[in-house]
Each structure stands twice: as structure tokens, then as C-alpha cells.
Amino acid sequence: MSQFKVDQLIGANFAFQHYAFERVAEILRGFGFKEIELWGIAPHLDLFHATDAHVRSVREILAQNGLTVWCFTPEQVIYPINIASGDGAYRRDSVRRFCRAADICAELGARYLFLTSGRGYEHDPPQEAWARSAQSLAEIAAHASSLGVRCLLEPLQRVETNVVTNAAGLREMLDEIGADTMDVVLDTVGMATAGDTVADYVRLFGPRLAHVQIVDGLPAGHLVWGDGKLPIGQYLDDLAASGYRGKLTFEPFGNGSYALDPVAAWTRNLKAIEPHMTRAPTAA
């Protein structure tokens, strides 16, 4: 069985939203992580309270715990951010906040800014939201590139967006934008609900597949590995066999209960992935 290298598995603050960031950083360090996906949630580092002083504080906490940021992932789904909105002022403000997110990436030394496509009005022709999304993504990517920051783009489930919902749509959006500084995210739940496969992502994106969020589901749900029915082990075997060299992390949301004991949730995920790693971070 092919295995992933230890530096491919990174931490994240998903499920830790009710913990102070100082404590989150200590826990992730204790697990053995050196690199993280930083979810931009309040109170850790959201786009509505990210003053220069707050960003400096987060940078200092990361440094004190020997952590670096692989990608900054501002909350952008159930949140007052929508880069494809049919409300022009709302959309422009959303783009402005994501350009600020790119600034934050540069300040934190993050390689990537994590993006999704936004969504349009359900009663409008879908091509209108698509065009707004493409324009916004291109603008954000250009600003990020000027700072030396790359972007990641993830398809979402249909209940979350009516723009980019599957691998084929993601390929089409990348081709339309034409930004060579934008790479791709595979979320195992999003992949499963869209009917896509690991082989589809490898075929469509090759080395531009750079980030994988490992979550179990029914097929939806964003569950801890083992709480759903997805063949996560097979997905990882297929990725490893393809020669995947990007990052892997976990995104346990569930129904909110994982946030009551995120250490337990992450410990279960880390134990489950051990057979697929040359060496995994230490499960508590």
C-alpha cells in the first residue's frame, strides 16, 4: 500500500471554534503538527475583525508554537460573504474583504488563500452568477498573485452553491479564469455528493490538485472518519497510488457536537489515518 509522507498531513482549527486560539495552537503543536490550514472563523481570525493588531497576535501565537500556515480559509458559506451575489454592493464588499484576506496570507507567510465560488439567486439564470463568480475570482487571484500568494478553489455541494458544484465545473471555471496561480481542493464529501472520483480529480487537474480535506459522510455530513459510510481508506489509497504530493487535513464539522470535544474528534481521525502514513502526528 502506498503511503503519504508525514509532512503532507497538516493540522487545522476546524471544530475548535469555541477554544481560544492560543489553546488551539498548543493542542495542534501537541499533536505534532508543524503546518496548518487556518480557518478564518471568529474569534480566531475572521474577515470582519482582522485588524493589523489581531493579525500580528495570530502570527506571534503561531510562531511561539512552531506552526506555519499552509492556507488561510476565511469562512464564506453560511456567512455574510458572497463573491457571486446579485447585489452589486454586497459582491464588491465581499471581493474587497477577500483581497484583504490575501493581504493577511502574505502577513502570515501562508502559501494559499482558500476560495469558493459564491452563489447566485436561485431565481436567476445560472450563467449570471457564474459570470460574477469568475470576475470576482479573477480579481482576487490577481491581487493575491501580486503579493506572492497562490489561491485554492473548492467545489461546494449544491445546497451550498449554484455555481461550481463538481470537478467538471471546477475545470471549466479554472479554464475561464486562466489564472495559473490557482490550484484545486478535493473535499471527500463534496466529491462523493457530486458523484466524482479521485481518478476524475487526478485526470482533470494533475499537479494542480494541491489540497485534500478528509471527511466522512452519509454521503454528506462532514463527519469524523468512521462516523459515516464513505470509503475514505480507498480514497487515500487511490490518491497515494496516483503520486499525490499535496497536503491532507481533516474538516470535522458534523452537527456541532465535535466542537464540544475537538481533541477527541481529531484523535480519532489521526488514529484512522495512521496506516496510510509513513509516520503520523501523535494521537492524544
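## Legends to the close-up views

**View A. C105 counts as buried, with a relative accessibility of 0%.** Here buried means under 20% relative accessible area, exposed over 50%, and partly exposed in between, for a 1.4 Å probe and protein chains only. The model is a predicted one, in which local features need pLDDT of at least 70 and side-chain atom pairs count only at pLDDT 80 or more, whereas totals for chains, interfaces and linings use all residues. Residues are numbered from 1 along each chain as its sequence is written, and side-chain values use heavy atoms, with hydrogens and water left out. The cysteine sulfur closest to that of C105 belongs to C151 and lies 7.8 Å away, too far for a bond. C151 is itself buried, at 0% relative accessibility, and its closest cysteine sulfur is in turn that of C105. Over the whole structure the search returns 0 disulfides, a disulfide being a pair of cysteine sulfur atoms within 2.5 Å.

**View B. The aromatic pair of F33 and W266 is edge-to-face.** The structure holds 10 aromatic pairs, where rings of Phe, Tyr and Trp (its six-membered ring) pair if their centres lie within 6.5 Å, and planes under 30 degrees apart count as stacked, over 60 as edge-to-face and the rest as tilted. For F33 and W266 the ring centres are 6.0 Å apart and the planes stand at 85°. F33 belongs to the loop between α1 (21-31) and β2 (35-40), while W266 belongs to helix α9 (residues 262-273), so this pair ties together parts that are 233 residues apart in sequence; helices (H or I, at least four residues) and strands (E, at least two) are DSSP runs, numbered from the N terminus. F33 is buried, with 2% relative accessible area, and W266 is buried at 0%. Both rings belong to a cluster in which ring pairs link F31, F33, F250 and W266.

**View C. W70 and Y112 form an aromatic pair that is edge-to-face.** The separation of W70 and Y112 is 5.0 Å centre to centre, with 65° between the planes. Because W70 sits in strand β3 (residues 68-74) and Y112 in strand β4 (residues 112-115), the pair ties together parts that are 42 residues apart in sequence. W70 and Y112 are both buried. K247 lies over the face of W70, at 5.2 Å from the ring centre, under a rule that asks for NZ of Lys or CZ of Arg within 6 Å of the ring centre and within 35 degrees of the ring normal.

**View D. The largest pocket has a volume of about 550 Å³.** Among its 25 lining residues, those closest to the pocket centre are E75, V77, E160, E251 and F253. On a 1 Å grid over the protein atoms alone, a pocket is an open set of points where a 1.4 Å probe fits, with protein on both sides within 12 Å along at least five of seven lines, and lining residues have an atom within 4 Å of a point. The lining of the largest pocket comprises 11 nonpolar, 8 polar and 6 charged residues.

**View E. The second largest pocket contains about 150 Å³ of space.** It is lined by 12 residues, of which V6, D7, L9, G32 and K34 are the closest to its centre. By class, this lining consists of 6 nonpolar, 1 polar and 5 charged residues.

**View F. A cis peptide bond joins L218 and P219, with omega about 5°.** P219 is placed in the loop between β7 (209-214) and α8 (232-241). H222 lies in the loop between β7 and α8, where its phi is near 50°, a positive value in a residue other than glycine. H222 is buried, with a relative accessible area of 11%.

**View G. A cis peptide bond joins A42 and P43, with omega about 5°.** The place of P43 is the loop between β2 and α2 (52-64).

**View H. A15 lies in the loop between β1 and α1.** A15 has a positive phi, near 80°, in a residue other than glycine, and A15 is buried at a relative accessible area of 2%. A20 is found in the loop between β1 (11-12) and α1 and is partly exposed, with a relative accessible area of 44%. Between the C-alpha atoms of A20 and R203 there are 41 Å, for a separation of 183 residues along the chain.

Conventions
Points joined across faces, edges and corners; volume = space filled by probe spheres on them. Nonpolar A, V, L, I, M, F, W, Y, C, P; charged D, E, K, R; others polar.
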